[in-house]
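Subject: Structure for your files

Dear colleague,

Here is the structure I said I would pass on. My notes on it follow below.

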Amino acid sequence: MAGVPAVFGAKTASAFDLSEFRSICDVGGCTGPLAYRLAAAYPEASVSVFDLPFVVKLAEDKRPAGDHAERVSFIPGDFFGDDPLPAADLYVLCRILHDWTDDKALKILTKIHQSLPPGGGVLIADTLLEDDKTGPEVSHKYDLHMMLVAGSRERSGQELKRMLNTAGFTEVAIKNNSYPFGHVLARKQCV
C-alpha cells in the first residue's frame, strides 16, 4: 500500500488542482507516502492519514525529513468501524476502492459523503478500466488479480461515477490518462 503511491504519488497530487482544499485526509493512506506528496504540493493545506492503529504505529519511523512532512498527522481508526473520519474538506482514496466489493466500496463513499462539508470532495486514484471494458490491458490484469485475491474488481470511470452519485456526490470529473492510475474527483453539493 505504500510502494505505488511513493513512486506515483506526484501524479495523483497533480491530477487536479486541489489548492482550494485546506484540509486533506488520505483514507487508508498507510505510512503516508501520498500524504507527504500532497503536503509538499499544497503547502497551505493540513494533511492527515487515517489508517488502522497498527499501521499508524509504523508511520512515525517512515516520516521523511522536511517541513512538509511535519504537517502530516496520523489518526488511527477503521473506516468500516464506528470510528468517525477525521474532519477534512477533501478525502483521498488511493488504491482503496478496488480492494472491496461494490457494497463495501459504496459504504466507504457514503461515510465520506456524510463526513464532508458542502463543497467538499473525494479524490479517487485507482486503476481504471475503459468505459467499454476494452482496456487498458494492465487494468484487466489488475482486475483479474483483484477478483481472484479479494473477490473485488477494478471499475471504469463511469462505474465509479454511478457509485459516487449513489453515495450523494454530484459533480464528478474523470481523468483516465495516466499510468498506473486514473483519477476521479467528486464533490458534495453546496447547500
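A crossing of two helices is called left-handed if the near helix is turned anticlockwise from the far one by less than a right angle, and right-handed if clockwise. In this predicted model, the crossing of α5 and α7 is of the right-handed kind. Helix α5 covers residues 102-115, and its axis lies 9 Å from that of α7, at an angle of about 50 degrees. That angle makes the two helices oblique to each other.

On the α5 side, the contact is made by Asp102, Ala105, Leu106, Leu109, Thr110 and His113. Their partners in α7 are Met163, Leu164, Thr166 and Ala167. Sorted by class, the residues of this contact are six nonpolar, three polar and one charged.

Helix α7 itself runs over residues 157-167, and its buried residues are Gly157, Glu159, Leu160, Met163, Leu164 and Ala167. Viewed down the helix axis, these fall within an arc of 160 degrees, so they line one face of α7. Arg162 and Thr166, on the other side, are exposed. After the helix comes Gly168, with a positive phi near 115 degrees.

- Cys30, with a phi of about 60 degrees, sits in the loop between β1 (23-27) and α2 (33-41). Its relative accessibility is 15%, so Cys30 counts as buried.
- Arg95, with a phi of about 60 degrees, sits in the loop between β4 (90-94) and α5. Arg95 is buried, its relative accessible area being 15%.

Regards

Technical notes:
Residues are numbered from 1 along each chain as its sequence is written. This is a predicted model: local features need pLDDT of at least 70, side-chain atom pairs count only at pLDDT 80 or more; totals for chains, interfaces and linings use all residues. Side-chain values use heavy atoms; hydrogens and water are left out. Buried means under 20% relative accessible area, exposed over 50%, partly exposed in between (1.4 Å probe, protein chains only). Helices (H or I, at least four residues) and strands (E, at least two) are DSSP runs, numbered from the N terminus. The arc is that of the directions from the helix axis to the C-beta atoms. Axes are lines fitted to C-alpha atoms, for helices over the stretch in contact, and angles run from 0 to 180 degrees between N-to-C directions. Angles under 35 degrees count as roughly parallel, over 145 as roughly antiparallel, 65 to 115 as roughly perpendicular and the rest as oblique. Contact means heavy atoms within 4.5 Å. Ala, Val, Leu, Ile, Met, Phe, Trp, Tyr, Cys and Pro count as nonpolar, Asp, Glu, Lys and Arg as charged, and the others, Gly among them, as polar.
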